[in-house]
Amino acid sequence: MKKNLISERLITLRKLHHLSQRDLARKLQLEGYDIDKNVITRIETNKRYVKDYEIRAFAQVFHISYDYLIDGTA
């Protein structure tokens with residue numbers, strides 16, 4: 001059972017930007033978000049629900065809209 005809507009888009013965005021999960025965690029931490037590699041792994045594998053501030057963090061780091069993360073639209 002999927003626990004979040006963003007896992008596939010998060011993987012795609014991370015790979016598009018040539019970032020490992022660890023690299024993405026570093027970028028997020030530089031922006032002031034306490035999201036580590038293990039959290040990213042669990043989100044990408046649908047083992048964890050995504051919190052609203054995490055959606056904001058991913059959108060900020062990748063310069064995309066919340067809508068894109070959630071439903072794939074601009």
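Me: Is Ser-7 buried or exposed?
Reply: Ser-7 is buried, because its relative accessibility is 1% and the cut-off for buried is under 20%. Keep in mind that this is a predicted model.

Me: Ok, and which helix is Ser-7 in?
Reply: Ser-7 belongs to helix α1, which covers residues 7-16.

Me: What does the side chain of Ser-7 make a polar contact with?
Reply: With the side chain of Asn-46, at 3.1 Å. If you skip the neighbours within four places in sequence, Ser-7 is in contact with Lys-2, Ile-43, Glu-44 and Asn-46.

Me: Is Gln-21 buried or exposed?
Reply: Gln-21 has a relative accessible area of 16%, so it counts as buried. Leaving out residues up to four places away in sequence, Gln-21 touches Arg-14, Lys-37, Ile-40, Thr-41 and Glu-44.

Me: Let me zoom out. How many helices and strands are in the chain?
Reply: Five helices and zero strands. Going along the sequence, the pattern reads α-α-α-α-α.

Me: How compact is the chain?
Reply: As compact as a globular protein of that length, because its radius of gyration is 11 Å and the globule rule gives a close value, 11 Å, for 74 residues. The C-alpha trace spans about 30 × 25 × 20 Å along its principal axes.

Me: What percentage of the residues is buried?
Reply: Buried residues are 38% of the 74 in the chain. As for the surface, the chain exposes about 4,800 Å², with carbon and sulfur atoms supplying 52% of that.

Me: And what about contacts between residues at least 24 apart?
Reply: Take the contacts between residues at least 6 apart in sequence: 52% of them join residues at least 24 apart.

Me: Where are the charges?
Reply: I can tell you about their mean positions: for the 14 positive and 10 negative charges, these are 6 Å apart.

Me: Switching to α4. Which residues in α4 are buried?
Reply: Glu-54, Ile-55, Ala-57, Phe-58, Ala-59, Val-61 and Phe-62.

Me: What covers them?
Reply: The cover for the buried residues of α4 includes α1, α2, α3 (37-44) and α5 (66-71).

Me: Why would residues three or four places apart in a helix point the same way?
Reply: An α-helix has 3.6 residues a turn, so residues three or four places apart end up pointing the same way.

Me: How far is Val-61 from Val-39?
Reply: Their C-alpha atoms are separated by 16 Å, and the two residues are 22 apart along the chain.

Me: Now the loops. Where is Thr-45?
Reply: Thr-45 is in the loop between α3 and α4. Its relative accessibility is 41%, so Thr-45 counts as partly exposed.

Me: What does the side chain of Thr-45 have around it?
Reply: One of its polar atoms lies 2.8 Å from the backbone oxygen of Thr-41. A polar atom of the Thr-45 side chain also lies 3.5 Å from the backbone oxygen of Arg-42. And Leu-10, 35 residues away in sequence, is 10 Å from Thr-45 in space, C-alpha to C-alpha.

Me: Are they buried or exposed?
Reply: His-18 is exposed, because its relative accessible area is 73%. His-63 is exposed too, with 74%.

Note on methods: Residues are numbered from 1 along each chain as its sequence is written. This is a predicted model: local features need pLDDT of at least 70, side-chain atom pairs count only at pLDDT 80 or more; totals for chains, interfaces and linings use all residues. Side-chain values use heavy atoms; hydrogens and water are left out. Helices (H or I, at least four residues) and strands (E, at least two) are DSSP runs, numbered from the N terminus. Buried means under 20% relative accessible area, exposed over 50%, partly exposed in between (1.4 Å probe, protein chains only). A polar contact is a pair of N or O atoms within 3.5 Å; within protein, one must be able to donate a hydrogen and the other to accept it, and residues adjacent in sequence count only if both atoms are side-chain atoms. Contact means heavy atoms within 4.5 Å. The radius of gyration is taken over C-alpha atoms; the globule rule is 2.2 Å times the number of residues to the power 0.38. Accessible areas come from the Shrake-Rupley method with a 1.4 Å probe; for residues, only the protein chains shown count as cover. Lys and Arg count as positive and Asp and Glu as negative; His and the chain ends are not counted. The place of a charge is taken as NZ of Lys, CZ of Arg, CG of Asp or CD of Glu.
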